[in-house]
Amino acid sequence: MAKTGHAAAALIRIEAVSKSFGGIPAVDDLSLDIMDDEFFALLGPSGCGKTTLLRMLAGFEVPDSGRILLDGTDIAPLPPHRRPFNMMFQSYALFPHLTVEGNVAFGLKQENLSRDEIAGRVAEMLALLRLQGMGARKPDQLSGGQRQRVALARALVKRPRLLLLDEPLAALDKKLRAETQFELVALQRKLRTTFVIVTHDQDEAMIVAGRIAVMNRGRLEQVGSPAEIYERPKSRWVAGFIGDINLLEGKVGKGGTTLDTVHGAIRVTNAGSAGTTAWLALRPEKIALAMKKPRSGRNAVPGVVTEIGYLGDISLCKVRLANGAVMQVSMPNSGAELPSAGAKVWLVWPATAGVVLKQ
Amino acid sequence: MLRGMSTFNVVAVAFGLAFLYLPILILVVYSFNHSQLVTVWGGWSLRWYRELLHDEAMLSSVWISLRVAALSATVATVLGTLAAAALTRFGRFRGRLLFSGMIYAPLVMPEVITGLALLLLFVALDADRGFWTVTIAHTTLTMCFVTIVVQSRLIGFDRSLEEAAWDLGCAPWKAFLVVTLPLIAPAVAAGWLLAFALSLDDLVIASFTSGPGATTLPLRIYSQVRLGVKPEINAICTILIAVVALATVALSLAAKRSALRGDPAAQG
């Protein structure tokens with residue numbers, strides 16, 4: 001995974017780390033590099049081991065085997081309070097008996113800094129997170145969004161090498177969450193601190209992260225940029241987890257340019273060696289609907305519209321194929337007439353629209 | 001609110017309160033009795049309170065009892081809080097069930113047996129019975145009560161608060177001191193007060209473990225009552241009741257205030 005040029009900048013190297021609880025593996029032989037100054041997301045369904053991995057980085061859990069290296073040095077012997085990492089907890093874990101200022105200054109006080117420096121850095125951080133004038137309040141006198149920013153300030157004020165964010169926006173309502181996602185990205189760019197976020201929300205991971213590690217059952221399914229993971233998923237599981245996907249099963253034809261399916265031969269690209277089973281993964285927005293069979297070039301499969309859902313910006317259309325499989329098609333609502341339920345339509349897409357998956 | 005106030009309910013409540021408080025009320029009233037005879041009313045007076053001030057033996061017993069109670073409650077609070085922390089925070093360590101069972105055992109153990117066991121221990125150790133043996137015995141008696149009170153608070157405690165303190169640079173012991181302890185302080189204080197009251201109250205174990213020169217107040221009262229009730233005893237009991245009542249009211253007010261302030265960590 002370490003590309004040349006990147007390898008030198010790896011801040012954290014996770015090497016074959018495993019951790020199980022009561023015999024059930026939570027993280028299973030996982031290796032991963034996290035680069036300096038990147039916004040990295042650990043994405044997966046609940047119970048996939050992403051939080052365990054984060055807690056191992058923070059030092060709250062100890063790997064059963066494998067190593068975690070910081071700048072090439074094993075950090076296993078370092079307890080949480082000696083690691084140059086800070087964490088923002090899902091519950092925020094603000095100290096209810098301390099004021100906002102007390103909370104933010106808490107970590108600096110452990111470093112035996114001078115009173116003036118603590119006050120200066122706390123004020124700077126409160127200003128950065130738009131918390132001026134809130135310093136004397138207690139956490140229970142703040143709104144959810146303010147509490148979230150205090151938690152962020154408290155972790156960032158220590159200038160950690162690595163900021164760990166455990167589902168940081170889960171407690172916010174939808175609108176605030178969307179705003180805060182962009183704020184997090186801006187903050188990371190400004191501070192140039194490495195951020196590692198754990199989330200089960202794929203939209204959130206796609207928006208904030210430069211690279212995403214998709215995890216399932218304690219293992220890495222795929223690591224890549226949001227576009228790579230969306231456009232070129234490596235497995236059917238990843239394709240299905242990130243967004244909606246249509247899958248067509250078939251046998252790869254000669255030259256790897258066709259897939260023989262029950263709907264006939266479908267033109268594809270890079271399907272691999274002939275004779276093997278493969279699946280064409282097609283995103284709903286890559287398929288167009290046509291009333292007549294197009295003349296040439298593109299793939300066309302007939303079907304019957306069963307349902308139409310109007311979602312505002314797009315409409316979602318379900319089309320049943322001859323073999324009973326249902327395909328999802330999404331269309332922008334740009335004024336064109338929508339087919340009605342029961343209409344016979346053609347699903348049309350170019351050979352380059354989908355990805356052929358082997359597993 | 002009037003719905004529940006049927007004649008039956010009013011009578012039941014009145015009977016219950018009378019049953020609980022009438023003996024105490026009589027004691028309090030008679031402590032202000034001028035008469036030398038306990039059962040004969042001779043008019044209001046503070047005579048017995050004045051006499052009490054000059055009863056050196058009684059006053060020294062009060063002093064001993066207060067010292068024993070304060071010291072044993074403090075030690076029991078430290079030990080009991082640590083035990084509660086161990087039981088709730090360190091998960092399933094080896095022997096946890098046995099440990100928690102052993103914590104609860106003194107609660108159900110007849111006091112006579114605890115007292116006798118302690119007496120045998122002190123005799124075997126060849127320890128002179130007195131102030132220190134009573135204090136140790138009372139620590140043994142009250143520690144488990146503190147553990148139970150503190151444990152109930154720690155069970156609802158958001159662990160990530162402590163983890164946040166570690167993460168921000170506190171060693172685990174310091175995280176406990178600067179984050180956990182201030183937050184569970186009301187429960188710890190309640191535990192201390194309970195231990196204090198239990199120690200002040202105890203007759204059975206003190207009778208086994210105290211020695212000459214360390215007669216606690218209950219022991220003194222009991223031995224005097226056997227020779228006949230002096231009105232002075234009513235006076236000292238009234239003072240005790242007042243102290244305990246004030247402490248209870250103060251504690252419940254403090255608990256109410258901390259409950260009103262809320263614990264935002266619990267909402268996470």
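How much accessible surface does chain B have, and what share of it belongs to carbon and sulfur atoms? The accessible surface of chain B comes to about 15,300 Å², with 73% belonging to carbon and sulfur atoms; such areas come from the Shrake-Rupley method with a 1.4 Å probe, and for residues only the protein chains shown count as cover.

This is a predicted model, in which local features need pLDDT of at least 70, side-chain atom pairs count only at pLDDT 80 or more, and totals for chains, interfaces and linings use all residues. Residues are numbered from 1 along each chain as its sequence is written, chains are lettered from A and ligands numbered from 1 in the order in which they are written, and side-chain values use heavy atoms, with hydrogens and water left out.

**Select chain B**

Chain B holds 11 helices and zero strands; helices (H or I, at least four residues) and strands (E, at least two) are DSSP runs, numbered from the N terminus. Its C-alpha atoms fill a box of roughly 70 × 65 × 30 Å along the principal axes. Of the 268 residues in chain B, 38% are buried, that is, under 20% relative accessible area (1.4 Å probe, protein chains only). Among contacts (heavy atoms within 4.5 Å) in chain B between residues at least 6 apart in sequence, 70% join residues at least 24 apart.

**Select the six-stranded sheet of chain A**

In chain A, an open sheet of six strands has the order 6-7-8-3-9-10, with mixed pairing; two strands pair if DSSP finds at least two bridges between them. Strand 6 (85-88) and strand 10 (219-224) of chain A stand at the edges, each with a single partner strand, so one side of each lacks a neighbour in the sheet. The twist averages 20° from one strand to the next. Helix 4 (residues 144-156) of chain A packs on this sheet, touching strand 6, strand 7 (162-166) and strand 8 (194-199), and its direction makes about 175° with that of strand 6. Here, axes are lines fitted to C-alpha atoms, for helices over the stretch in contact, and angles run from 0 to 180 degrees between N-to-C directions.

Next, select strand 3 (residues 39-43) and strand 9 (residues 211-216) of chain A, which pair in the parallel sense over four bridges. The bridge partner of A:A41 in strand 9 is A:I212.

**Select the five-stranded sheet of chain A**

Here the order is 13-12-11-14-20, in an open sheet with antiparallel pairing. Within chain A, six bridges join strand 11 (residues 246-252) to strand 14 (residues 277-282). Finish at A:G250, whose bridge partner in strand 14 is A:A278.

Note on methods: Buried means under 20% relative accessible area, exposed over 50%, partly exposed in between (1.4 Å probe, protein chains only).
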